[in-house]
Amino acid sequence: EKGRVDYGYLGVETLTVWPQLAERIDLDVKTGALVQQVVDDSPAEDSGVEAGDEEISFQGQDSITVGGDLIVAVDGKRLTREHDLADEISVHNAGETVKLTIFRDGERRSLDVELGRRPAGSQS
């Protein structure tokens, strides 16, 4: 109808968690998307998604931000592979609401996020 598709946009940069990293930073789960940065004025920021404030190096990867949210599911669908968060967000349109399951401070929480319109060059 509009002549274009408005893909959903969350507004985070994440790092895919692998089991060794999960163990290193004492996570109770072995996979997910560790929030590295939350984009200003994004749907994620508006919904309270939080990035960490401490950086570590691990297995040759510098500047891993820890201490923030770990997104483990979108609308109940677990994140298990490298691009799962972007894949799960991209099947939704701008204006749709998704439920993120996150771990914060060792506790499982749910956040409802109304997705925005994805800017050019962004994946999630």
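Is T101 buried or exposed? T101 is buried, because its relative accessible area is 11%, and buried means under 20%. Keep in mind that you are looking at a predicted model.

- You can find T101 in strand β8, which covers residues 97–104.

**L21 and its surroundings**
- L21 sits in helix α1, made of residues 19–24.
- L21 counts as buried, because its relative accessibility is 0%.
- Look for L21 and F58 together: they are 37 residues apart in sequence, while their C-alpha atoms are 7.5 Å apart in space.
- F58 is also one of the residues that L21 touches, and L15, I56 and I64 are on that list too, with residues up to four places away in sequence not counted.

**The nonpolar cores**
- The largest nonpolar core has 18 residues, and those touching the most other members are L10, V12, V49, I71, L85 and L100.
- Two or more residues of this core come from each of these elements: β3 (32–38), β6 (70–74), α3 (84–90), β8 and β9 (107–114).
- Another core, of 14 residues, lies apart from the largest one, and its members include L21, L34, V72 and F103.

Methods:
Residues numbered from 1 in each chain as written. Predicted model: local features only at pLDDT ≥ 70, side-chain atom pairs only at ≥ 80, totals over all residues. Heavy atoms only, no water. Helix = DSSP H or I, 4+ residues; strand = E, 2+ residues; numbered from the N terminus. Buried < 20%, exposed > 50% of the residue type's maximum accessible area, 1.4 Å probe, protein only. Contact = heavy atoms within 4.5 Å. Core = buried A, V, L, I, M, F, W, Y, C linked by side-chain atoms within 4.5 Å.
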